Amino acid sequence: MQELKVGMEVKKDHLVTKAETAKSVGSGGLEVLATPMLIAWVENAAYEMAELCLPEDSTTVGVNMNLDHIAATPIGMKVRVKVVLKNIDSRRLDFEVEAWDTVQKVGQGTHQRFVVQKQKFMDKVQKKNNPE
């Protein structure tokens with residue numbers, strides 16, 4: 001297992017299918033890459049980077065996303081998402097994010113995740129079902 005370090009980056013490629021369009025996910029009426037899908041792809045890349053470096057009993061949860069979706073991408077085109085770990089502050093991880101289709105930059109922004117202990121986190125969440 002490697003250690004999380006500022007400067008680490010992950011790139012992931014995705015193909016836009018009909019299932020990832022704004023029309024399909026309900027965020028718009030056109031068959032272009034949906035902003036919620038782009039956000040999910042960014043979150044997934046950051047999550048996977050951190051997951052490779054954390055102990056088995058820990059994970060990360062997304063707490064903030066600031067993403068400008070600046071250009072539309074049609075069905076059938078590839079999108080590359082890049083996340084770069086810019087800062088580590090105790091349990092907080094700050095990422096800079098970009099996304100490019102095969103023609104132009106389509107997204108840019110920041111994403112923040114927190115490292116949590118899985119069991120402790122889930123115990124706290126489950127208490128919502130059984131308030132005392």
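Reader: Let us begin with strand pairing. Which residue in β4 is the bridge partner of Val79?

Author: Please note that this is a predicted model. The partner of Val79 in β4 is Asp101. That bridge is one of 10 through which β3 and strand β4 (residues 92-101) pair in the antiparallel sense.

Reader: To which strand is β3 (residues 78-89) joined by 7 bridges?

Author: Strand β1 (residues 9-15) is joined to β3 in that way, and the two run antiparallel. Within β3, Lys82 is the bridge partner of Lys11.

Reader: What should I note about the backbone of Ser90 in the hairpin of β3 and β4?

Author: The general idea comes first: most residues other than glycine have a negative phi. Ser90 is not a glycine, yet its phi is positive, at about 60 degrees. This residue is found in the loop between β3 and β4, and the hairpin has 2 residues between the strands. With a relative accessible area of 67%, Ser90 is exposed.

Reader: How are salt bridges to be understood, and how many does the count come to?

Author: In general, side chains of opposite charge can pair when their charged atoms come close. Here the count comes to 9 salt bridges. In one of them, the side chains of Asp13 and Lys78 meet at 3.9 Å, N to O. Because Asp13 lies in strand β1 and Lys78 in strand β3, this pair ties together parts that are 65 residues apart in sequence. Asp13 is partly exposed at 39% relative accessibility, and Lys78 is partly exposed at 37%. A network of salt bridges links Asp13, Lys78 and Arg80.

Reader: Which residues gather in a patch of positive charge on the surface?

Author: The patch is formed by Arg91, Lys120, Lys124 and Lys128. Among them, Lys120 has its place in helix α3 (residues 118-126). The relative accessibility of Lys120 is 65%, and therefore Lys120 counts as exposed.

Definitions and conventions
Residues numbered from 1 in each chain as written. Predicted model: local features only at pLDDT ≥ 70, side-chain atom pairs only at ≥ 80, totals over all residues. Heavy atoms only, no water. Patch = residues over 30% accessible without salt bridge, like charges linked within 9 Å, V, L, I, M, F, W, Y side chains within 5 Å. Areas by Shrake-Rupley, 256 points an atom, 1.4 Å probe, with all protein chains shown as cover. Salt bridge = Lys/Arg side-chain N within 4 Å of Asp/Glu carboxyl O. Lys, Arg positive; Asp, Glu negative; His and termini not counted. Charge placed at Lys NZ, Arg CZ, Asp CG, Glu CD. Helix = DSSP H or I, 4+ residues; strand = E, 2+ residues; numbered from the N terminus. Buried < 20%, exposed > 50% of the residue type's maximum accessible area, 1.4 Å probe, protein only. Pairing = 2+ DSSP bridges.
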